[in-house]
Amino acid sequence: MTPPFALSRIHHVAYRCKDAKETADWYRRVLGMEFTTAFSEDHVPSTGAYDPYMHIFLDAGGGNVLAFFELPNQPEMGRDTNTPAWVQHLAFEVPSMEALLAAKAHIEAQGIDVIGPTYHGIFKSIYFFDPNGHRLELACNIGTPEQHAELKRLAPLMLEEWSQTKTAPRHAAWLHSEPK
């Protein structure tokens with residue numbers, strides 16, 4: 001059944017941070033995001049619970065918003081230890097391979113370890129961590145319309161095979177072979 005509404009875009013995504021000011025400053029300095037909005041309350045509007053917080057919003061470009069909560073009365077933030085660190089991440093797009101390489105140089109110049117560029121068939125990307133331990137990815141699209149069409153065609157077949165076998169389908173193995 002189709003829902004009786006349509007989504008227009010992601011309004012924002014929100015993560016926890018250790019220090020709201022440090023986080024806003026880091027995202028401005030490292031990724032050029034503008035700090036646009038702050039909400040702060042003693043009681044959570046949706047639950048009424050007493051839990052003072054600072055909620056900050058950053059302009060990630062293209063109408064995208066990244067938000068963080070600092071929660072000083074909660075236990076120290078951690079991560080899901082049952083999920084590998086490489087799984088949960090935020091990926092941002094850059095317009096070209098030149099921009100990706102410039103970003104890598106800029107980020108490394110600030111003393112941040114960067115992995116990549118890594119080849120993913122239809123994009124290349126770099127990976128690094130923010131001061132809160134969140135993994136970030138910058139990606140540059142390199143795929144052709146034909147490659148994207150083929151991946152869309154294969155997606156249901158691959159998902160069905162995965163669902164039944166829990167082993168990696170080989171339908172799109174070409175994604176992992178970087179041309180020389």
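Predicted model: local features only at pLDDT ≥ 70, side-chain atom pairs only at ≥ 80, totals over all residues.
## Overall build

The protein chain has 180 residues, and 29% of them count as buried. Its C-alpha atoms fill a box of roughly 55 × 50 × 35 Å along the principal axes. Three helices and eight strands make up its list of elements. Read from the N terminus, they run β-α-β-β-β-β-α-β-β-β-α.

How much of the contact in the protein chain comes from residues 24 or more positions apart? Such pairs account for 49% of the contacts with a separation of 6 or more.

## The four-stranded sheet

Four strands form an open sheet. Their order is S1-S4-S3-S2, and the pairing is mixed. Strand S1 (13–17) and strand S2 (34–43) stand at the edges. Each has a single partner strand, so one side of each is left without a neighbour in the sheet. From one strand to the next, the twist averages 25°.

Strands of a sheet pair through backbone hydrogen bonds, and they can do so parallel or antiparallel. Here, S2 pairs with strand S3 (residues 50–59) in the antiparallel sense. Eight bridges join the two. Within this part of the sheet, Ser40 stands opposite Met54 in S3.

## Helix H1 on the sheet

Which strands does H1 touch? H1 packs on the sheet and touches S1, S2, S3 and strand S4 (65–70). The direction of H1 makes about 10° with that of S3.

H1 has 12 residues, which should span 16 Å at 1.5 Å a residue. The end C-alpha atoms of H1 are 16 Å apart, in agreement with that value. The buried residues of H1 are Ala20, Thr23, Ala24, Trp26, Tyr27 and Val30. They cover an arc of only 165° around the axis, so they lie on the same side of H1.

## Salt bridges within helices

Side chains of opposite charge can pair when their charged atoms come close. The model has four salt bridges.

Lys21 is exposed, because its relative accessible area of 58% is over 50%. Asp25 is partly exposed, at 30%.

Glu108 forms a salt bridge with Lys104. Their closest N and O atoms are 3.9 Å apart, so the pair falls within the 4 Å limit. Both residues lie in helix H2 (residues 97–109), again four residues apart, about one turn of the helix. Lys104 counts as buried, because its 18% relative accessibility is under 20%.

Arg153 forms a salt bridge with Glu150. Here the closest N and O atoms are 2.8 Å apart. The two residues are three apart in helix H3 (residues 145–165), which means a separation of about one helical turn. Arg153 counts as partly exposed, at 49% relative accessibility. Glu150 also counts as partly exposed, at 29%.

How values were computed
Residues numbered from 1 in each chain as written. Heavy atoms only, no water. Salt bridge = Lys/Arg side-chain N within 4 Å of Asp/Glu carboxyl O. Buried < 20%, exposed > 50% of the residue type's maximum accessible area, 1.4 Å probe, protein only. Pairing = 2+ DSSP bridges. Axes fitted to C-alpha atoms, helices over the stretch in contact; angles between N-to-C directions. Contact = heavy atoms within 4.5 Å. Expected span 1.5 Å × (residues − 1). Arc of directions from axis to C-beta.
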